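Visitor: Could you take me through one part of this model in close detail? I would like to see how it sits among its neighbours.

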Amino acid sequence: MAYGRVDAKVYGRAGRACCALLVGGLLLAGCSGGGGDGGRPGAAKSATDTKSPAPGTTSAPTPTPSPTGFRFTPDPARQPKTRADAKRLALAVLAGPDSWGPDYVKGRPYLSVEDTWPVLPTDCRWESAGLPSTVLYTVTAHSEVPAAGGKGLVRVINIVTVHRSVDDADWEMSETLEEALRCPDQTLREGERISGLMSLGNPGIGVNTTAQDAINELGKYVKDGVKGEHYYGWAQSRIGQVTVAASVRGGPGHSEQDLSTAMAKSLVAMLNRVEAELEVQS
């Protein structure tokens, strides 16, 4: 997608979310957990690691693995049906600079213009269009790390979109995945580009315990007047009819790991808020 469109729970889920972020075409290993082999799932043991049961005894049965994946079901009665309901939910879910880290501040302007929607034509140059009929409300918050101490400017966004239906939200996720395949090199706006864009989809099964669907994109960000290529990341997830996204355009002196981890934390903060807004009331 284009650039223009905390509690303990946040950090725990963000650790799992950042495992799905692409780094150099590979899954981010720095967020993995597990055994002494570095957390590689299914790592084979050597013969010296495998011990047979003592004579006359039986080995304990292998426990059945617990079901994994996303298990949250939104309450139908709390799902937005009007623009007013969608706007209230979107603004309640939207995360600001504090969700990224202590160095982030609000950008200017901070919130996007209402009722606009980014589109990617065949020339792979992003444009702004009117809000699709499938969307009840969408909002984008702009934040940044100002250039200081020998490090360059970093710009980030958070987006919340409330669709009219789950199917509409699902279509947005599919279109987002297709955009990176169709346009691996994109012009964000005049003087700003991303190149070598890779995209990874991850439905809410297996290790994805944070959402019903998720997409992560990785590329290189280039800005006129700024030397070198820098980190570009986009992370987007869906719960019910709501999609949330966090994206970062890096700058000189900022590591990919720090930026991708901050992006994962910000995304998960919004996912937690979606659940809080849509969960069944006891």
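Guide: Let's look at β12 (242-249), a strand that is mostly covered: eight of its eight residues are buried, where buried means under 20% relative accessible area, exposed over 50% and partly exposed in between (1.4 Å probe, protein chains only). Helices (H or I, at least four residues) and strands (E, at least two) are DSSP runs, numbered from the N terminus. This is a predicted model, in which local features need pLDDT of at least 70, side-chain atom pairs count only at pLDDT 80 or more, and totals for chains, interfaces and linings use all residues. Residues are numbered from 1 along each chain as its sequence is written, and side-chain values use heavy atoms, with hydrogens and water left out.

In a regular strand the side chains alternate between the two faces of the sheet. Both faces of β12 are covered, with V242, V244, A246 and V248 buried on one side and T243, A245, S247 and R249 buried on the other.

Strands pair if DSSP finds at least two bridges between them. β12 pairs with β7 in the antiparallel sense over eight bridges, and R155 stands opposite R249. β11 and β12 also pair in the antiparallel sense over eight bridges; here the partner of Y232 is R249. Two residues lie between β11 and β12 in their hairpin, and G240 in the turn has a positive phi of about 60°.

Note on methods
Contact = heavy atoms within 4.5 Å.
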